[in-house]
Amino acid sequence: MKLASLKAGGRDGTLVVVSRDLAYCQTVPGIAATLQAALDDWETIAPRLAEVYASLNDGAVQQATRFDPARCHSPLPRAYQWADGSAYVNHVELVRRARGAELPQEFWTDPLMYQGGSDSFVGPRDPIWALSEDWGIDLEAEVAVITGDVRMGTTPADAGKAIRLLMLVNDVSLRNLIPAELAKGFGFFQSKPATAFSPVAITPDELGDDWRDGRVHRPLSVHINNRLFGRPDAGTDMVFNFPQLVAHVCKTREMEAGSIVGSGTVSNKQGGLHGSSIANGGVGYCCLAEVRMYETIAAGKPETGFLRFGDTVRIEMFDRHGASLFGAIEQRVERYPA
């Protein structure tokens, strides 16, 4: 099943069921006005949404309209919680190596995670807003899950049962603001602006065999200024799967329906110092910081710059037949109007 939220009906948008090919959508006011309302009573509402989805795919819904991602907000325009992990330890290892630091052994057994702002996500076609290019604007292409209610102390095996939907993410980072914030010893805040999610959220069964062991086993395609920048596989080198990340959140707290948990920047470990770039035949990257790390390790300083006003970013994932699974996140970096 595929679901989206149109920019209509208030801050939480209007829930629509989207056809598998992303061609048509249908509002469902008699079932649930918003995605959050559906998540609050998922066991009852999901089967009814699935009936509409089946009818859409059969072309039997008379009220269906063309689906336009430009009309979409993020599937959850705002959420009760947005917790982002760092499940790809290769990414963390590169960050530390670039500054000459060793990777603590516990990073392989205990995931990193931060709690992001969830009161104001942006739509998949909205700009990446910033006041200054000097902030070091970077994309971070990820995968995320939306959960139902999860009890405190839930095991990974049970946490996996609470995963309702999957999305793609652009978790923008302002790299030049991060060092000063981390030096305070209190985590990210100003360096993590509004996050964008894919136009469509999908149930795990839409992936078929590519959803297994709590991971999405499909390449994540990233373009910067219409040039392929990365296509690493989201299932490869994911040290902590989604059930483990959800259980990590719930070690000391309950988690409410509509909470979002991210994978962190997708990153594949490959041989050779420059072996992972697209130009060198590799799978590339999901953030600019990573290629800058390779450059720093090789030459002592980075050569690639961060995003500038006017640059564009596209993040998308395709199934085995080349069809877009979630629709694309397409954003342009723009100066926030003063």
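Me: Let's start with a loop. Which residue is found between strand E14 (201–202) and strand E15 (211–212)?

Reply: That's Asp205, in the loop joining those two strands. Keep in mind that this is a predicted model.

Me: Is Asp205 buried or exposed?

Reply: The general idea is a cut-off: a residue with over 50% relative accessible area counts as exposed. Asp205 has 58%, so it is exposed. While you're there, look at Arg215: it is 10 residues from Asp205 in sequence and 12 Å away in space, C-alpha to C-alpha.

Me: Okay, what about Pro179: where is it found?

Reply: Pro179 sits in helix H5 (residues 178–183). With a relative accessible area of 51%, Pro179 is exposed.

Me: Now helices. How many residues does helix H2 have, and how far apart are its end C-alpha atoms?

Reply: You can check a helix by its length, counting 1.5 Å a residue. H2 (residues 42–57) has 16 residues and should span 22 Å; its end C-alpha atoms are 21 Å apart, which agrees.

Me: Which residues of H2 are buried?

Reply: Here's the general idea: an α-helix has 3.6 residues a turn, so residues three or four places apart point the same way. In H2, the buried ones are Trp42, Ile45, Ala46, Leu49, Val52, Tyr53 and Leu56. They cover an arc of only 125° around the axis, so they lie on the same side of H2. Glu43 and Glu51 are exposed on the other side.

Me: What covers the buried residues of H2?

Reply: The cover includes strands E1 (2–6), E2 (14–18), E3 (24–27) and E11 (163–170), along with helix H1 (35–40). Just after H2 comes Gly59, with a positive phi of about 75°.

Me: What does the length check give for helix H7?

Reply: H7 (residues 288–299) has 12 residues and reaches 16 Å from first C-alpha to last, close to the 16 Å expected. Its buried residues include Leu288, Val291, Met293 and Tyr294. Glu290, Arg292 and Glu295 are buried in H7 too. Just after H7, Gly300 takes a positive phi of about 90°.

Me: Last one: which residues form a nonpolar patch on the surface?

Reply: Trp129, Leu131 and Tyr336 do, with about 300 Å² of accessible area together. Tyr336 lies in the segment after strand E21 (329–335). Its relative accessibility is 45%, so Tyr336 counts as partly exposed.

Conventions:
Residues are numbered from 1 along each chain as its sequence is written. This is a predicted model: local features need pLDDT of at least 70, side-chain atom pairs count only at pLDDT 80 or more; totals for chains, interfaces and linings use all residues. Side-chain values use heavy atoms; hydrogens and water are left out. Patches are made of residues with over 30% relative accessible area and no salt bridge: like charges are joined within 9 Å, nonpolar side chains (Val, Leu, Ile, Met, Phe, Trp, Tyr) within 5 Å. Accessible areas come from the Shrake-Rupley method with a 1.4 Å probe; for residues, only the protein chains shown count as cover. A salt bridge is a side-chain nitrogen of Lys or Arg within 4 Å of a carboxyl oxygen of Asp or Glu. Helices (H or I, at least four residues) and strands (E, at least two) are DSSP runs, numbered from the N terminus. Buried means under 20% relative accessible area, exposed over 50%, partly exposed in between (1.4 Å probe, protein chains only). The expected span of a helix is 1.5 Å times one less than its number of residues. The arc is that of the directions from the helix axis to the C-beta atoms. Contact means heavy atoms within 4.5 Å.
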